[in-house]
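Take a look at the model below.

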Amino acid sequence: MRFLVTGGAGFIGSAVCRLLAANPVNRVVNLDKLTYAGNLQSLGSIERLVNYRFVRGDIADEKLVGTLLRDEKIDIVMHLAAESHVDRSIDGPGAFIETNIVGTYRLLNTAYDYWLGLDSARKNAFRFHHVSTDEVFGDLPFDSGTFTEDSAYAPSSPYSASKAASDHLVRAWHATYGLPVVLSNCSNNYGPYHFPEKLIPLVLLNALEEKSLPVYGSGENVRDWLFVEDHAKALEAIATRGRIGESYNVGGRAERRNIDVVRAICSILDRKVPRANGGSYADLIEMVSDRRGHDRRYAIDPSKIEVELGWCAEESFETGLEKTIDWFLANESWWRPLREQKYAGERLGEAVRAAI
Ligand code: NAD
Ligand code: TYD
């Protein structure tokens, strides 16, 4: 199969590229704009493989994407490129509208033109896989319920609203124009190469630097965590074997309260890199003001992908977190430049909003 992966220099996209390119029968073309979140250092293990190619560019560049699709004879588009951080979407929603909505629209148009020109065998085989989030469903009560593929859309943040819009566009291109699409909505990922703006890598690196560990609000908000390499395997299954027009919810059956996630990181670090002062990293926890529009709880019911595609998460939250921490401890050369040059860990999402 010949894949075009958009956003392949990001956290999840790079895991997908590493997984796909490890199989020599695949051709993997990675299209990424290299925003602050894109990082070619995450692709060092595959950059010299003959079945892998990186192209710097924007999903909204119809000429570039059309040429790539034709020249590379792409069979499957896996669309991961996005602005992905909720707190940044609160400070500046414009980039989220541009990339997640307008960019997805332009990518759909380009893919549709390309698909129309294919012969019937390749037309039947073609797939446009749109990678989305469980955040499109809004939030759940603390004590009951899970998101299924039939849950109503009710996004809260500019990020999740922009992803919801893109999901609707993808479904419309299938219903209206017949483009063969498949969608997936996944819970919170964590693991190696995670940009340290999201909760787990931010807390981990702040702890190592003896900085405070910010927990928003009460710390009781719940997220459902999935190890990124499990997600990459799910995405490969969905892109290659998922049913056209369907969506699949992906999750690790690993709900945790934020405060418990932060405490778990602290206790692993206490064991692996004891603090010089003899105390626990948990002493650095600081309860800070809540995020605006903070969703209470996300929880995925992954039964459909488990039953239909035979996928299930291999890592528990405990084994995945241990692996993640080991990876960050062994790969300071990956994260140190990000902390020094791109984002040092200051609070995001609290700027007083001026006009957009
Ligand atoms: P990320 O922010 O780490 O990476 C996004 C990548 O997209 C970056 O490499 C960036 O350079 C690239 N990009 C941004 N705008 C682009 C554009 N206009 N053209 C080309 N490339 C562009 O994101 P991630 O965490 O890897 O998420 C990947 C996808 O998975 C996103 O669509 C996100 O909504 C979805 N998702 C993420 C999570 C999660 O927990 N991180 C969970 C579920 C779904
Ligand atoms: P995050 O990693 O930003 O993912 P998402 O908002 O997509 O779920 O946040 C995960 C949870 O952790 C969310 O409930 C917000 C909370 N959080 C903190 O408590 N402190 C932090 O510094 C960050 C970044 C997030």
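Start at Asn189, where a backbone N or O atom lies 2.9 Å from an oxygen atom of ligand 1. Keep in mind that this is a predicted model.

A polar side-chain atom of Asp32 lies 2.6 Å from an oxygen atom of the ligand. In Tyr159, an N or O atom of the side chain is 2.7 Å from an oxygen atom of ligand 1. How much of ligand 1 does the protein bury? Taken alone, ligand 1 exposes 840 Å², and the protein buries 97% of that.

Now widen the view. Ligand 1 is surrounded by 28 residues. Asp32 and Tyr159 are among the closest, together with Ile12, Ser84 and Lys163. Sort the shell by class and you get 12 nonpolar, 12 polar and 4 charged residues. Which elements supply at least two residues each? They are α1, β5 (127-133), α6 (158-177) and β7. The largest share, 3 residues, comes from β5.

Buried here means under 20% relative accessible area, counting protein chains only. The buried residues are Phe11, Gly13, Ser14, Ala15, Val16, Cys17, Arg18, Leu20 and Ala21. An α-helix has 3.6 residues a turn, so residues three or four places apart point the same way. What covers the buried residues of α1? The cover includes the strands β1 (2-6), β2 (27-32), β3 (52-56), β4 (76-79) and β7 (188-190). Helix α8 (228-241) is also part of the cover.

Next, move to ligand 2. Here, a polar side-chain atom of Glu135 lies 2.5 Å from an oxygen atom of the ligand. Arg223 also takes part: one of its polar side-chain atoms lies 2.8 Å from an oxygen atom of ligand 2. Leu199 uses its backbone instead, with a polar atom 2.8 Å from an oxygen atom of ligand 2. Taken alone, ligand 2 exposes 510 Å², of which the protein buries 97%. Two or more residues of the shell come from each of α7 (199-208) and β8 (213-216). The largest share, 3 residues, belongs to β8.

In total, 16 residues surround ligand 2. The closest are Glu135, Tyr216, Arg223, Arg291 and His294. By class, this shell has 7 nonpolar, 4 polar and 5 charged residues.

Note on methods: Residues are numbered from 1 along each chain as its sequence is written. Chains are lettered from A and ligands numbered from 1 in the order in which they are written. This is a predicted model: local features need pLDDT of at least 70, side-chain atom pairs count only at pLDDT 80 or more; totals for chains, interfaces and linings use all residues. Side-chain values use heavy atoms; hydrogens and water are left out. Buried means under 20% relative accessible area, exposed over 50%, partly exposed in between (1.4 Å probe, protein chains only). Helices (H or I, at least four residues) and strands (E, at least two) are DSSP runs, numbered from the N terminus. Contact means heavy atoms within 4.5 Å. A residue is near a molecule or strand if one of its heavy atoms lies within 4 Å of it. A polar contact is a pair of N or O atoms within 3.5 Å; within protein, one must be able to donate a hydrogen and the other to accept it, and residues adjacent in sequence count only if both atoms are side-chain atoms. Accessible areas come from the Shrake-Rupley method with a 1.4 Å probe; for residues, only the protein chains shown count as cover. Ala, Val, Leu, Ile, Met, Phe, Trp, Tyr, Cys and Pro count as nonpolar, Asp, Glu, Lys and Arg as charged, and the others, Gly among them, as polar.
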